[in-house]
Amino acid sequence: MKYMNKSIEELHEMLKKGEVTSEELVKESLELSHQIQDECNAFVTIIDDAQPKKVTDNLLSGIPCGLKDNYSTKGILSTGSSNTLKDYVPFFDATAVKKLKEAGAVFVNKTVMDEFGMGGTGTTGHTGTVLNPWDKTRMCAGSSSGSAAAVAAGVYPYATGSDTGDSIRKPAAYCGIVGYKPTYGMISRYGLFPFASSLDHLGVLTRNVKDAAIVVDNMKGIDPNDMTSWDSEKIHLRESLNGQVKGKKLCYIQEICDLSNYTNPSDELKEHLANFNKTLDLCRNLGMEVEEVSVDKTLLNALAAVYVVISCAEATSNMSNLTGIIFGPRGEGDNYVDMMKDHRTKGFSPLIKRRFVIGSYVLQSQNQERYFRNAQRVRRLLVDAWKDLYKKYDAVILPVGSGPAKHLDGSKDILDKDTVVLEEHLQIGNFGGFPSITIPNGFVSKLPVGVNITGNCYDDENVLNIAYALEQEMDYQNQIAKEV
Amino acid sequence: MGKYKAKIGLEMHCEISETKTKVFSSAKNSYSEEANSNINPIDMAFPGILPVVNKEAVRMALMASMALNCQQPEYMYFERKNYYYPDLPKGFQLTQETKPIPVGIYGQVTFECNGKEKTVRINNLHLEEDAASLDHYDDFSTIDYNRAGVPLLELVTEPDISSADEAVAFLEHMRSVYQYLNISEADSKKGQVRCDVNVSIMDEDLDDSDPKNWGTKIEVKNVNSFGGVRDAINYEIKRQTKLKENNEYEQMEQQTRRWDEESGTTIYMRSKVDAIDYKYFVEPNIPKFKLSKEWLEEIKASLPMLAYERKLKYINNYNLSDYDASILVKQRDIADYFEKTISLGVDSKQAANWTNGMILSYLNSNEINIKEFFLTPEMLKELIDLINSKTISSKQGKEVFAKVLEKKKSPKEIVESEGMMQITDTGELDRIIDEVVNENPEQVAAYDPERPKILDYFIGQIMKKTRGKANPVTASQLMKEKLANLKK
């Protein structure tokens with residue numbers, strides 16, 4: 001690897017100076033794609049005929065990248081890692097794809113994901129399990145599994161992701177890289193295969209905060225095709241990174257971060273939380289105020305259920321277009337009902353079917369009040385609790401998950417009911433549409449772990465700047481996965 | 001009926017045909033015979049598409065809401081109605097349920113039925129998207145997505161209607177309202193208007209203000225013409241009455257039936273217990289948006305005159321009879337044609353006679369819309385002017401009218417090319433009269449002003465020489481003067 005371990009700015013400078021050409025970068029990235037495909041199974045499609053692009057003043061011009069396979073790409077297979085779309089070649093680009101194209105980005109592959117983003121393991125895609133480049137017996141988490149594996153392995157400096165619960169930010173932690181989802185609606189969702197519309201975000205996986213800022217600067221913008229998008233013209237993420245965080249206020253939540261909450265903590269959990277506390281000290285060293293706050297445990301405990309109810313409900317409706325009638329493999333049957341049933345029975349993995357059943361159940365008129373509407377109410381309470389914190393604090397800082405990447409053979413992991421909130425709290429970022437970024441903050445069992453910073457809506461510049469400053473205090477930016 | 005009275009409620013679906021684009025996509029909103037020509041990825045629910053609300057469709061829906069005296073909501077929401085059907089690409093229809101409040105609730109409409117005034121309460125009016133259209137053949141079906149996403153207004157009445165006549169009068173009234181608001185052609189032939197009919201019967205002597213007495217509601221779906229509505233209601237009343245008389249009514253469960261036009265009967269579809277659970281929930285891709293007071297007031301101020309108001313204007317300002325005015329306002333296109341003609345300076349009575357007479361009968365017998373009618377108000381004025389100036393006779397006017405439509409030429413061109421110009425030039429007529437006098441000395445000698453019958457003979461001779469083009473009144477006048485001079 002000569003170039004693909006470098007940052008976007010470094011590559012741009014080399015391209016500008018003529019030290020390397022876009023063609024050379026694309027060639028190397030494609031070679032690495034094939035290598036990582038063999039090792040980690042990270043891609044649905046490797047775009048072998050990817051063409052180099054003219055280098056302009058845009059930092060992304062001429063540089064290779066990957067796209068998650070739920071991004072609609074004109075003329076390029078886009079499956080959402082599902083058999084229901086296994087041969088689907090869209091005839092239109094997602095708005096974000098169009099914007100990256102205009103910036104001069106070169107797409108070299110489409111990355112594997114959990115089927116339609118519904119999963120957090122990287123094991124449910126129709127092309128098989130994605131392996132963690134740090135340890136092939138472990139998962140990348142999901143659903144942006146292939147994007148995380150590829151960026152961590154150094155296939156290119158960035159790949160796009162999508163995040164409905166934690167699908168960018170958790171794989172980033174498990175793979176030792178940066179994962180950022182901006183405020184809801186900052187990047188248009190037009191052309192992103194939907195999972196749960198009110199929770200879906202687009203975002204990016206990179207190896208440092210500045211790269212994340214650069215990529216999202218190029219993806220964002222109001223879009224007439226997405227009524228939930230908003231004008232972010234005045235937000236300049238990269239330009240706002242100055243590392244000046246003195247006086248900023250952070251808080252962490254006692255009910256999540258204190259070891260005393262866990263009755264039988266594993267060694268990894270202990271290490272992970274101790275490491276988190278070290279990170280808090282680094283924040284203090286930077287002149288930030290860091291305080292412990294308390295949030296109602298009952299409310300926190302409801303979080304995972306709220307997510308399941310809302311995301312499954314929206315998903316079951318969103319994916320009702322997958323009938324095999326207009327696109328996707330046509331099902332067999334004597335009538336349309338049987339044809340749709342056949343298509344959906346064969347097309348979806350068991351995990352998705354289970355979620356559809358939950359989604360339908362909670363939307364049924366006799367259940368809707370008890371489950372769906374109550375979930376929406378609790379969602380509002382959780383968001384309000386966080387908004388209250390943002391009155392006083394710039395951001396909430398929390399550890400990601402209960403430790404490093406889990407084993408693919410789940411039997412090796414101790415399942416702990418106590419850690420549900422620790423595992424799932426990133427979903428609050430989706431409930432509130434908050435800007436949220438995960439950066440690597442150390443190693444546990446020789447594997448990377450991450451820390452997350454989540455701020456208030458539209459405060460992306462502030463959130464990224466805090467992450468940027470903290471990143472400088474640690475040695476994990478631009479790290480490439482080394483097999484352990 | 002006798003012992004029973006009917007409770008009838010209507011659900012009237014009418015496409016908004018006058019927006020440029022569909023309700024949630026930028027595809028053209030236009031009726032087309034060519035299948036799948038007005039479509040885009042949104043209409044076909046390709047993965048990743050998102051709905052974008054057409055503000056113009058919302059504006060038109062609000063106009064309708066106001067015209068029906070409904071309350072308008074503070075915020076606009078749309079909801080998903082989830083079900084699987086091949087004509088529904090997304091697997092859900094974007095519509096509005098009653099919670100949150102749709103584009104209109106609790107209105108009322110007053111209209112005339114058989115000379116009597118009738119008021120029907122509106123439960124709600126909502127804006128939704130139409131589905132694709134299906135055609136079924138022996139062993140396959142075809143889907144045309146042109147209609148998918150066309151804005152659709154669904155109006156739901158309270159069961160205030162008591163007969164098929166009232167139902168049809170209501171629908172005709174509503175068609176006129178939509179046409180006058182200029183939001184829809186409301187043309188059943190284009191499939192723009194479709195109805196579901198709810199019918200129940202109850203004993204005549206029971207109190208119908210108490211819903212308990214209303215009987216068992218039967219919903220009849222897919223009635224696609226006003227005639228069908230009439231037939232379906234009458235069929236259901238007869239069917240239910242028979243069940244009452246056979247003491248089978250009480251066993252009948254609340255159900256949905258389908259109108260079968262061919263057999264003229266309703267056919268059982270499903271019982272209430274098998275009703276589909278549509279799992280409504282608010283569409284998350286469309287943020288709720290506030291309807292500003294200013295916008296609502298602006299829309300209210302823009303509401304055009306409806307049929308009833310125009311009729312009064314025609315009677316009071318144009319001195320038309322109630323009968324003539326009623327016919328003119330029945331369809332907005334016709335009334336607009338009439339008003340355009342008037343605005344060109346044509347006498348209102350003459351314009352009304354032509355519009356209600358020759359024009360309407362031509363449109364009806366040729367089954368065309370006045371928008372497709374060749375003879376414009378400008379041409380009508382030309383024609384009426386030709387008659388008024390005595391260039392042609394009234395009788396010739398009718399011939400010219402037919403020829404204009406047949407040859408697609410203006411009235412003047414027809415009159416010229418067909419040589420129909422009357423000879424009113426007295427010099428020319430004098431010359432011809434002299435000829436006639438010279439050629440018929442015996443008849444001239446026999447002329448007696450007291451017995452003018454022989455005058456007809458002379459006029460006949462003049463007409464012969466001019467091939468009918470002489471103006472008969474002028475010719476007769478001149479001939480009389482000539483003969484009188486000769487007698488002196």
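Helices (H or I, at least four residues) and strands (E, at least two) are DSSP runs, numbered from the N terminus. By this assignment, chain A contains 15 helices and 13 strands. The model is predicted: local features need pLDDT of at least 70, side-chain atom pairs count only at pLDDT 80 or more, and totals for chains, interfaces and linings use all residues. Residues are numbered from 1 along each chain as its sequence is written, while chains are lettered from A and ligands numbered from 1 in the order in which they are written.

The overall form of chain A comes next. Along the principal axes, the C-alpha atoms of chain A fill a box of roughly 65 × 65 × 45 Å. Of the 484 residues in chain A, 60% are buried; a buried residue has 20 or more other C-beta atoms within 10 Å of its own, an exposed one 12 or fewer, and a partly exposed one a number in between, with C-beta atoms placed from the backbone.

Some backbone details deserve attention. In chain A, the peptide bond between A:Gly142 and A:Ser143 is cis, with omega about 10°. A:Ser143 belongs to the loop between strand E5 (135–139) and helix H4 (145–153).

In chain B, B:Glu367 is not a glycine, yet has a positive phi of about 50°. B:Glu367 lies between helix H8 (348–366) and helix H9 (377–388), in a loop, and counts as exposed because it has 7 C-beta neighbours inside 10 Å.
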